[in-house]
Amino acid sequence: MDRLETGTWQVPSSTVQDFFPRGTKYCVCIPVMNEGERIKQQLSEMKKLTDQVDIILCDGGSTDGSMNRKYLATTGVRTLLTKTSPGKLSAQLRMGYAYALQQGYEGIITIDGNGKDGVDAIPDFVRELDSGWDFIQGSRFVSGGKAINTPKIRWFAVRFIHAPLLSLGAHHWFTDTTNGFRGYSRKLLLDERVQPFRDVFNTYELLAYLTIRAPRLTYKTKEIGVTRVYPAKGKVPTKISHFHGNIGLIKIIFKTLVGGYNPKIQNSRSA
């Protein structure tokens, strides 16, 4: 395993509960925050996949009882990370990625913990990582993908605003850039020109940044089909508010497009 230089990493403080030793070359990091029965159902579906991936929960501080340790020990979860310092989604991901890289995983798959994504696609991400791809974006809009009950305004925003703008910055065509179902190679995340372990990544910045940064640095990038299902009725499971959340996403997009999150590297060319 390569020796990690973690001295400059900015990673949220957390508690670590390991239920099992590392068992696979890849892991799935699942950011969660009070997901209740949704994450329980998802873990039940993922248990059949634990021979291919280790499951790491990246909890933002859930208070709904869904992260009960006795329960999690029966689900196939390998590790529960619980963030104990401020920060939202990107902070949870930094916490999970840092742990995974320090544990020696060769690649990391991420999937939301709200039950919207079809976990049966996880072996597809494993195959793509094995084939040498560095950034694999799950998409409900490409061959093999399914978009079920997607709210019309969300469908429009992804297809005609978010994805085209990030594709422009990435110099690579994407169709589903808000989708958190992704795969990253160890090599990509450890590249000094990427540097994901910075406090500037706190909310949704890291997702937009990696979408642009990976192809701009000529890492092997592709989309694969995944299924995303929204409830036919009732509240949409999301942490993004309709107004302030979407305004924040637009600000993040434009900051990403102008290189606002790119690391400052001495004596090194950055894309």
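# Notebook: loops, strands and helices

I began at N149, which I found in the loop between β7 (146-148) and α5. I was working in a predicted model, so I kept that in mind throughout. I looked up the backbone of N149 next and got a positive phi of about 60 degrees, although N149 is not a glycine. Then I asked myself how covered N149 is: buried, partly exposed or exposed? The relative accessible area came out at 41%, so N149 is partly exposed.

**The other end of α5**

I went along to H171, which sits in the loop between α5 and β8. Phi of H171 is positive too, near 60 degrees, and H171 is likewise a residue other than glycine. Its relative accessibility is 61%, so I wrote H171 down as exposed, the cut-off being over 50%.

**Inside α5**

I picked L166, a residue of helix α5 (residues 152-170). Is L166 buried or exposed? L166 has 0% relative accessibility, so I put it down as buried. Which residues touch L166, once I skip its neighbours within four places in sequence? My list for L166 reads T177, A208, T211, I212 and I253. I checked T211 from that list: L166 and T211 are 45 residues apart in sequence, yet their C-alpha atoms are 7.2 Å apart in space.

**Helix α4**

I turned to α4 (residues 122-130) and noted which of its residues are buried: I122, P123, F125, V126, E128 and L129. I had a reminder to hand for reading such a list: an α-helix has 3.6 residues a turn, so residues three or four places apart point the same way. What do the buried residues of α4 pack against? I found strands β2, β5 (107-110), β6 (135-139), β8 (182-185) and β9 (221-225), along with helix α1 (37-46). After α4 comes G132, and I read a positive phi near 100 degrees for G132.

**Strands β1 to β4**

I started this part with β4 (residues 77-83), and it is mostly covered, with seven of its seven residues buried. Strand β1 (residues 14-18) runs antiparallel to β4, and I counted five bridges joining the two.

How many residues of β3 are buried? I got six of the six, so β3 is largely enclosed by the rest of the structure. I looked at which way the side chains of β3 go: D54, I56 and C58 point one way, I55, L57 and D59 the other, and all are buried.

β3 has another partner: β2 (residues 26-32) pairs with β3 in the parallel sense, over six bridges.

**Q17 in β1**

I went back to β1 for Q17, which has its place in that strand. Q17 has 30% relative accessibility, so I logged it as partly exposed. Leaving out neighbours within four places in sequence, I found Q17 in contact with R69, R78, T79 and L80. I took one of these, R78, for a distance: Q17 and R78 are 61 residues apart in sequence and 8.6 Å apart in space, C-alpha to C-alpha.

**Whole chain**

I finished with the overall numbers. The protein chain has eight helices and ten strands. A compact globule of 271 residues would have a radius of gyration near 18 Å, and I got 17 Å for this chain, which agrees. Along the principal axes, the C-alpha atoms fill a box of roughly 50 × 50 × 35 Å. Of the 271 residues, 51% count as buried. I also took the contacts between residues at least 6 apart in sequence, and 81% of them join residues at least 24 apart. The chain exposes about 12700 Å², with carbon and sulfur atoms supplying 53% of that. Last entry: the 37 positive and 24 negative charges have mean positions 5 Å apart.

Terms used: Residues numbered from 1 in each chain as written. Predicted model: local features only at pLDDT ≥ 70, side-chain atom pairs only at ≥ 80, totals over all residues. Heavy atoms only, no water. Helix = DSSP H or I, 4+ residues; strand = E, 2+ residues; numbered from the N terminus. Rg over C-alpha atoms; globule rule 2.2 N^0.38 Å. Buried < 20%, exposed > 50% of the residue type's maximum accessible area, 1.4 Å probe, protein only. Contact = heavy atoms within 4.5 Å. Areas by Shrake-Rupley, 256 points an atom, 1.4 Å probe, with all protein chains shown as cover. Lys, Arg positive; Asp, Glu negative; His and termini not counted. Charge placed at Lys NZ, Arg CZ, Asp CG, Glu CD. Pairing = 2+ DSSP bridges.
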